[in-house]
Amino acid sequence: MRVVIQRVNYGKVTVEGEVIGQIKKGYVVFLGVGKDDTKEMVDKYVEKLSKLRIFPDDSGKTNCSIADVCGELLVISQFTLYADCKKGNRPSFTNAGSPQMAKELYEYFIERAKHIFSKVETGSFGADMKVELENDGPFTLIWDSVEW
């Protein structure tokens with residue numbers, strides 16, 4: 001599983017000109033599912049995300065969690081996080097999970113997140129999406145299950 005987390009002032013996702021997900025302050029999470037990923041990995045990632053302290057406190061130190069700032073979550077599927085560009089000029093996606101498996105784990109991620117976060121918005125799995133956000137900081141983290 002590969003996850004890109006961006007701390008944002010706002011984020012929104014549009015499909016065919018219609019806004020389908022929108023948040024204020026919080027995280028925009030791009031989620032890529034690999035062929036060996038499991039629900040247990042999702043559980044670990046969602047739990048870690050809920051406790052992550054990357055919002056500034058009154059002293060400006062990254063000491064607050066998303067709950068501390070009443071933040072929101074926008075989750076967007078992105079299989080291209082598994083692009084392998086080592087050979088040639090056209091990326092290979094052989095390490096990405098199958099569409100069926102990826103959709104199942106994406107939906108499971110959202111379900112688990114809704115039990116923890118106050119507001120969870122989403123993109124549309126497999127759709128051509130336009131994502132707009134304002135990265136706060138900028139602050140971007142990349143998690144890869146290979147390293148976990």
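Close-up 1. Helix H1, at residues 39–51, contains 13 residues and spans 19 Å from its first C-alpha to its last, close to the 18 Å expected at 1.5 Å a residue; the expected span is 1.5 Å times one less than the number of residues. Helices (H or I, at least four residues) and strands (E, at least two) are DSSP runs numbered from the N terminus. This is a predicted model, in which local features need pLDDT of at least 70 and side-chain atom pairs count only at pLDDT 80 or more, while totals for chains, interfaces and linings use all residues. Residues are numbered from 1 along each chain as its sequence is written, and side-chain values use heavy atoms, with hydrogens and water left out.

The buried residues of H1 are Val-42, Tyr-45, Val-46, Leu-49 and Ser-50. They lie on the same side of H1, because they cover an arc of only 130° around the axis, taken from the directions from the helix axis to the C-beta atoms. On the other side of H1, Glu-40 and Lys-51 are exposed. Buried means under 20% relative accessible area, exposed over 50%, and partly exposed in between (1.4 Å probe, protein chains only).

**Close-up 2. Packing partners of H1.** The buried residues of H1 pack against strands E1 (2–15), E3 (26–32), E5 (62–65), E6 (72–77) and E8 (129–144), and against helix H2 (99–114). Contact here requires heavy atoms within 4.5 Å.

**Close-up 3. Tyr-10 in strand E1.** Tyr-10 belongs to strand E1 and is partly exposed, with a relative accessible area of 31%. Leaving aside neighbours within four places in sequence, Tyr-10 is in contact with Ile-23, Lys-24, Glu-132, Leu-133 and Glu-134. The C-alpha atoms of Tyr-10 and Leu-73 are separated by 9.8 Å, although these residues are 63 residues apart along the chain.

**Close-up 4. Cys-64 and Cys-70.** A disulfide is a pair of cysteine sulfur atoms within 2.5 Å, and by this rule the count is 0. Cys-64 is in no disulfide; its nearest cysteine sulfur, that of Cys-70, is 11 Å away, too far for a bond. Cys-64 counts as buried at 16% relative accessibility, whereas Cys-70 is exposed, with a relative accessible area of 63%.
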